[in-house]
Amino acid sequence: MTTTERPPRAAAHIAAIGVAGICAAAAWLSFTALTDLASRSGINAAWLWPLIIDSLIVAATIAAVAGAGTYARVLLAAGAALSLAGNILHAVLPPGPLPIWLNAAIAAVPPIALVAVAHLAVVLRRTTTTAPPDTTELAAVEVNELATPETPETTEETPDDTTTELRDQGLALLRQGHPPRAVADQLNVHRSSVYRWRQTLTPA
């Protein structure tokens with residue numbers, strides 16, 4: 001079996017320093033260009049404008065890594081495209097006042113970013129508070145099923161309408177906060193069925 005050799009520690013440190021240096025230089029050059037662009041558009045405190053764009057990119061990146069989904073990735077792409085477009089326009093536009101359409105576009109960035117980031121916070125909160133289905137207890141129950149034969153009461157087949165009625169009652173009890181074991185005992189059904197019902201519940 002082959003093993004992958006790790007790079008020398010000194011080389012890793014040098015690479016990390018190089019990455020940090022490139023990031024700092026690129027961020028500073030982009031910041032100065034976007035600040036000048038915002039200043040030429042007549043925005044007060046023009047230095048805040050590039051901070052909004054860069055913060056949007058950072059927030060969307062972190063949210064995407066945290067699993068916020070498509071919205072975070074789209075927001076990241078939009079922030080990167082906006083930063084790129086601003087730097088290009090700063091390089092190609094002649095000195096002096098900007099066209100009125102560009103002034104309007106620059107002025108629209110802060111409120112749009114506010115709405116976008118507020119919605120991103122909601123999406124990220126839903127992502128972090130929605131726990132994945134608990135399969136540990138279900139796996140333990142299934143192991144117990146293999147080890148312990150079922151009683152005639154649990155193996156006896158029931159009509160479809162009765163099964164549906166029991167499932168509805170079980171879901172109602174689960175929504176009220178009753179533990180799966182208590183629901184199984186109350187409805188006289190196997191615990192594995194209750195755990196499968198619980199997995200179908202949509203988080204509030």
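This is a predicted model: local features need pLDDT of at least 70, side-chain atom pairs count only at pLDDT 80 or more; totals for chains, interfaces and linings use all residues.
1. In helix α1, Asp-36 and Arg-40 are four residues apart and are therefore separated by about one helical turn; helices here are DSSP runs of H or I with at least four residues, strands are runs of E with at least two, and both are numbered from the N terminus. These two residues form a salt bridge, with their closest N and O atoms 3.9 Å apart, where the term means a side-chain nitrogen of Lys or Arg within 4 Å of a carboxyl oxygen of Asp or Glu. A search of the whole structure finds one salt bridge. Asp-36 is partly exposed because its relative accessible area is 33%, given that buried means under 20%, exposed over 50%, and partly exposed in between, with a 1.4 Å probe and protein chains only.

2. Residues are numbered from 1 along each chain as its sequence is written, and side-chain values use heavy atoms, with hydrogens and water left out.

3. Taken as a whole, the chain has nine helices and zero strands. Of its 204 residues, 23% are buried, and the chain exposes about 13900 Å², of which carbon and sulfur atoms supply 65%; these areas come from the Shrake-Rupley method with a 1.4 Å probe, and for residues only the protein chains shown count as cover. Among contacts between residues at least 6 apart in sequence, 62% join residues at least 24 apart, a contact being heavy atoms within 4.5 Å.

4. The largest nonpolar core has twelve residues, among them Leu-34, Ala-38, Trp-49, Ile-57, Leu-93 and Ile-106. The elements that give two or more residues to this core are α1 (9-40), α2 (48-65) and α4 (100-129). Such a core is a set of buried Ala, Val, Leu, Ile, Met, Phe, Trp, Tyr and Cys residues joined through side-chain atoms within 4.5 Å. Not counting residues up to four places away in sequence, Ala-38 touches Ile-43, Ala-46, Trp-49 and Ile-106.

5. Beyond residues up to four places away in sequence, Thr-35 touches Ala-46, Trp-47 and Pro-50. Ser-83 lies in helix α3 (residues 70-92) and is buried, with a relative accessible area of 10%; leaving aside neighbours within four places, Ser-83 is in contact with Ser-30, Leu-34, Ile-53 and Ile-57.

6. On the surface, Trp-47, Leu-48 and Leu-51 form a nonpolar patch with about 280 Å² of accessible area together. Patches are made of residues with over 30% relative accessible area and no salt bridge, like charges being joined within 9 Å and nonpolar side chains (Val, Leu, Ile, Met, Phe, Trp, Tyr) within 5 Å. Leu-51, placed in helix α2, counts as partly exposed because its relative accessibility is 36%.

7. In helix α8 (residues 180-187), Pro-180, Val-183, Ala-184 and Leu-187 are buried. Seen down the axis of α8, these buried residues fall within an arc of 100°, so they line one face of the helix; the arc is that of the directions from the helix axis to the C-beta atoms. On the other side of α8, Asp-185 and Gln-186 are exposed. Asn-188, which follows α8, has a positive phi, near 60°.
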